[in-house]
Amino acid sequence: MRTTFIESLSQAASENPDIWLLCGDLGYSVLEPFAAKFPDRYLNVGVAEQNMAGIAAGIALSGKTVFIYSIGNFPTLRCLEQLRNDVCYHGADVKVVAVGAGYAYGSQGYTHHALEDAGIMSMLPGIEVFVPCDPMEVRAATRLIAGSGKPSYLRLSRQGEPDLGATVTDLRKPRVLRDGRDVVILASGPIASRALEAAGALAGRGRDVGVVSVSCLKPLDEVAIRDAVRGASLIVTLEEHILRGGLFSLMAGVFAGDAVRPPIAGIGIPEQGGKTSQAGSREALLDLAGLSAEAIVARIEQSLSKR
Amino acid sequence: MVHAAKASHIGGCLSMADILAVLYTRILRVDPVDPQAPSRDRFVLSKGHATAIMYATLAECGFFSLAELDAYCRDGSIFTGHVSHAVPGVEVSTGSLGHGLPIAIGMALAARNAGAGSRVFCLLSDGECDEGSNWEGILFAPHHKLSNLCVIVDFNKIQSFGSVAEVLNLDPFAEKWKAFGWQVEEIDGHDLTALERVLGGVPAISGRPTVVIAHTVKGKGVSFMENKLEWHYRSPSDELLAQALAEVGA
């Protein structure tokens, strides 16, 4: 994903001389092609995210489009007030790009796990939030935010993620990865691949399960979301994030006022709550958190049995 | 303004009044008729609580009428009690301390990149220099030789809870900036000639960013406010307002 991002950004920057990229001394072996091609518009500000966010706002307020890049919590939580005041309050054209969504940094431990970022960033006024599930969506998201003129958050996983579906036509709308109407799994991020696995397994048991990628968390296209789940008897949300403030919370907000609606089962990462995290690959940590394809299948069967 | 609105922060407004007067009458290339001109100089007020003097200065310079100042802190007004970019002539909103300098650095980088010759001035409070984000910027600007950037510290020696020396001592202050690689000017912040000389020296021929440590007096010009912590918070009564206006000759 990060390689796709930098390729897409380089393409956008070759078309738009106002695009800048700042990093907080992270992105080794990823950002070099941009730095080599656009040395006047690339800056490693050092290990100083508050300064990076403020500088980005200052450059953007001078008429430029500025991307800032670092790992998960560093360009988001570490400089949250700079993003709130300096970027969003001024409507500065700054794009926050965080690599390492969810458990992408696996064994590196809790400090490097981005588990609350999408919810926290979604709460900032005026920002647009994108959580792509595959390289195709990363490409579309990078191009979209490069030209949006608005503060944006782009949440990337890491590397090696496969494409999960057909061409992206409109990133702001849900993208159907697998047809199916009785149960619809709404997924954000590369965890959507596990939704597809689970849907395949459930199909083998005669269940009709669709999978839809919701990569644009803000602004949320509620009409298109409703279309995507129309007729479903169960809605499932799946995210590599805690349930509070993430995709599940957003969907609960969409449907809360409906007098008649299907149940919504939220599957996400349990809140850490003072427990120390364990070492392990992303895949192993997802399994431990109850997000294996088998666990997802079991959870859906359990929800269906309550109908 | 502060009296009518029963607002606070008059002490820190008066300590920087001379600095703003010199900046806006002698230094800054800004145009009230075209406040967004791309080639303008930028002024970033980082001590955003001292906004009454900022609004008053902009009104005096013609960015809007003096009569509009009556709206200061009033219901529904754009003149909020921490500086707002909704007000013509204000570059950025601040209020949470430690935000202005990084933004100013970004503006200085963009100006240098554009080759427009714009200069960027950023006014910090002394207490604000406790913020780590400022020291990230203080480290950054000399490394990138931002000679078009000038920081002014309103060094009135009193912060929110007591004297700077007692709360979190900054000394040796000038030496810290020098060690970080800044062009350091240390002057009496109420000496208009000295202010014009050092602020007029930007961009510094040394190729470094400039810091002007302006030694000032909190509550300057009003005998009962000078060097008094309480005037970070209090709003003057009718009687004290009359006395203060008489003392400053308004």
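Tutor: A salt bridge is a side-chain nitrogen of Lys or Arg within 4 Å of a carboxyl oxygen of Asp or Glu. Please keep in mind that this is a predicted model.

Student: How far apart are the closest N and O atoms of B:Lys47 and B:Asp154?

Tutor: They are 2.7 Å apart, and the two residues form a salt bridge.

Student: Where do B:Lys47 and B:Asp154 lie in chain B?

Tutor: B:Lys47 is in the loop between β1 (42-45) and α3 (51-60), while B:Asp154 is in strand β3 (residues 149-155), so the pair ties together parts that are 107 residues apart in sequence.

Student: Are B:Lys47 and B:Asp154 buried or exposed?

Tutor: Both B:Lys47 and B:Asp154 are buried.

Student: What about B:Arg26, which residue does its side chain meet in a salt bridge?

Tutor: Its partner is B:Glu196, with 3.6 Å from N to O. B:Arg26 belongs to helix α2 (residues 10-27) of chain B and B:Glu196 to helix α8 (residues 192-199) of chain B, so this pair links parts 170 residues apart in sequence. B:Arg26 is exposed at 53% relative accessible area, whereas B:Glu196 is partly exposed at 34%.

Student: Turning to chain A, which residue forms a salt bridge with A:Glu283?

Tutor: A:Arg282 does, and the closest N and O atoms are 3.5 Å apart. A:Glu283 is partly exposed, at 39% relative accessibility. A:Arg282 has 15% relative accessibility and counts as buried, because buried means under 20%.

Student: And how many salt bridges does the structure hold over all chains?

Tutor: The count over all chains is 23.

Conventions. Residues are numbered from 1 along each chain as its sequence is written. Chains are lettered from A and ligands numbered from 1 in the order in which they are written. This is a predicted model: local features need pLDDT of at least 70, side-chain atom pairs count only at pLDDT 80 or more; totals for chains, interfaces and linings use all residues. Side-chain values use heavy atoms; hydrogens and water are left out. Buried means under 20% relative accessible area, exposed over 50%, partly exposed in between (1.4 Å probe, protein chains only). Helices (H or I, at least four residues) and strands (E, at least two) are DSSP runs, numbered from the N terminus.
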